[in-house]
Structure formats: structure tokens, C-alpha cells
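I opened my notebook to work through this structure one topic at a time.

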Amino acid sequence: MSPSEFLKTEWRELTRINPSARPWQMPLVAALVTGLPLLAGAALGDMAHGVAAMLGTLIFLYVPDAALGRRIAVLCGCAVAMSACYAMGLVAGHLGLWGAPFLGLVAMALTMAARYARLNPPAGLFFIMAAAIGAYAGVPLAAIPLRVGLLALGTILALVAGVIYGLLVPESEAARVAPPPPPLTREVLLVDPAIIGLAVALSLLIAELLGVERPYWAPVSCLAVIQGASLRAIWTRQTQRVFGTAIGLAITAAIFTLPIGPWSVALAITGLTFVVEAAVVRHYGFAAMFFTPMSILVAEAPRLGALAPASVMQARLFDTIIGSAVGAAFGLFIHHTRLKRPVRKALGLNHEV
């Protein structure tokens, strides 16, 4: 393939707009559910508590295209998992560098559970995001039960919204006639999650050792990239995430030039959530442009008064580059049989399953 043909192929892959069967009500309800706890936090003058509850509402994004009973079961499982991940993240914040392997184990367990439950994308992404934000929130041990309780309230709000959404938007015909998924193998449930957990831990450890401020976005970026269905998908997602984040930081800089307060932050996150959820299934890079300012505002909302925008954006860019690079590198192990053999051997899976 000539260089010009290669560039054309890459450009076509990076700019491809995917079709979407997602109902328009999904991003609308997601934005409203996400925004309510933040608006409550702004009204009560406590954005830290509003953010904790808002993280719980993220489980609404896992509502499957299925019958109402299946939707409720998935949301209930996600509520338990999100609460546990946030609690473990808050505890990991007191472990220093040991927080990296701890978060890696959480990522491995989450990937196993998500695959066993056949959870829709973004699979374990928001669970790891909640755990990572919790790990660097600086919450005292005595305050952990309150924060976890607030997140649990957010999951209840998401569950109520999921039931209402399920009544308004029933299961699609395509989902009713879809063939059953292929059976899960031990390699899918054990080997790949082990590699993903190792990658997540390593990305956080590298960011920690390099002294990157707010290193929690490195494991989030790593997990977002490594979950690609193929090496082609991983490479495309890595490139889209890095460039999308860079453009998103420019949008963030523009937002920070405006008067920033609890109410404006809550409204901005609500609007950005709608854009992200409407766009992510069509073009990941475009969605990353808006997910970047949204996630920065979520993580930094509790400390608006002491915010240094330049350092926050620089840290986010470095975290994204580190996490995406580690995710792409370990993606080779997942999609390359020979490279995967040492992991299979360590897990006692030397034979094909």
C-alpha cells in the first residue's frame, strides 16, 4: 500500500460516521438524570455531594435494548457494582501507590462481570471512572459511608428513570428477533480481563511515577481504548481519543473564560452529557471533544474556587496520552494469540477452550 493510499484509508476510518439505532429519548433522559443531582448540589451549596450522587446516575447509560424486566435487572446489578467500585476507590485513595494494583484488580473483576452479564458498551468504563475519581477525591475515611450513600441515592434515581424510560421506549423489534450470543469461553472471561486489569494498573502507575497531576484519567483512557473489538478498532479509538481530547481541551479553555459557578457548571454538564450520548455511537472522536470538558467539570466541580485551569488541562492531556498508549499496547496482547500465551499459562489455560 502506497503512503497516499494508507493516509486515505486512515482518514476514512477516522472520519467515518456510524449509523445509530439509539432512540432520541436516551440522551435526553440521560442528561436530565445526570443534571438533577448537580442542580441539587448547586442549590444546597455542596457540589462535592452533588457529584457523588451524579456518579451513581451514570448507570442509566447501561440500559439495554431489552424487555423491561431485563432492564431493571441490569440497572440493579449496575447499582450494586457502581456503589462497590466507588467505595473501593475511596478506600484506595488512602493506599498510595498500592492504589494502582488495587484499581487493576477492580478493572479485571469488572471486565469479567461485564462480559458474563453481557453488559453493553461502555462496559466497565464508568465504573472505573467512579473508582478513579473516588481514589483522588481526598475523602477522609470517616466520610466514606456518606459519600457512598449519596452515590447509592443517585443509582436509585437512575433506576426510576430507567423504569420510566422502559415504559416509554419498549424493546425494539431488532432486539426481539436477534439470535442468542455465542457462548462465553474461559479465555474471554479470564485471560482478556487479566490483561485489561494489568494495563489499567500500569497506566495509573506510570502516571503516578511521572508525577502527573490528577492521574486518574490515565486508567479511564486506557480502558476506553483497550475495549476495542479489534486491533483496527483499538488503533482508531486511540487516535480519535487523543485528538478528540486535544480539541476538547480547547473547548474546556473556552468554558473557563466564562463566569464559572455551581449553577453554570451543573447546566454545562447536563448539556454536554446530552451531546456526548447523542454522538458517541456515531463518532467516538467527536464525542470525546465534549466528553473531555464534561468529565473535567465533573471531577473538578467540588473545588471550583481553587481551580487552576491550565494545570488541569495539561494533566488531562498527559493522562490521555499515557492511558491511550498503554491501552493500545496491551490491545496487541488481547488480539494476538502468541503474545497472549504467557497470560494463558499463568492462569493455567494452556489448552484452547
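At what angle do the axes of helix 10 and helix 14 cross? I am reading a predicted model, and in it I find that the axes of helix 10 (residues 217–226) and helix 14 (residues 309–335) cross at roughly 40 degrees and come within 7 Å. I note the crossing as right-handed. On the side of helix 10, I list W217, A218, S221, C222, V225 and I226 as the residues that make the contact, while helix 14 contributes residues including R316, D319, T320, F330 and I334. Sorted by class, this contact has nine nonpolar, six polar and two charged residues.

Next I looked for disulfides and found zero in the structure. I then checked C76, whose closest cysteine sulfur is that of C78, and because the two sulfurs are 9.4 Å apart, they are too far from each other for a bond, a disulfide needing sulfur atoms within 2.5 Å. I also recorded that C76 is partly exposed, at 34% relative accessibility, whereas C78 is buried, with a relative accessible area of 4%.

Last, I turned to the nonpolar cores, where I find that the largest has 86 residues and that L55, F60, M82, Y86, F126 and F127 have the most contacts inside it.

Key. Residues are numbered from 1 along each chain as its sequence is written. This is a predicted model: local features need pLDDT of at least 70, side-chain atom pairs count only at pLDDT 80 or more; totals for chains, interfaces and linings use all residues. Side-chain values use heavy atoms; hydrogens and water are left out. Axes are lines fitted to C-alpha atoms, for helices over the stretch in contact, and angles run from 0 to 180 degrees between N-to-C directions. Helices (H or I, at least four residues) and strands (E, at least two) are DSSP runs, numbered from the N terminus. A crossing is left-handed if the near helix is turned anticlockwise from the far one by less than a right angle, and right-handed if clockwise. Contact means heavy atoms within 4.5 Å. Ala, Val, Leu, Ile, Met, Phe, Trp, Tyr, Cys and Pro count as nonpolar, Asp, Glu, Lys and Arg as charged, and the others, Gly among them, as polar. Buried means under 20% relative accessible area, exposed over 50%, partly exposed in between (1.4 Å probe, protein chains only). A nonpolar core is a set of buried Ala, Val, Leu, Ile, Met, Phe, Trp, Tyr and Cys residues joined through side-chain atoms within 4.5 Å.
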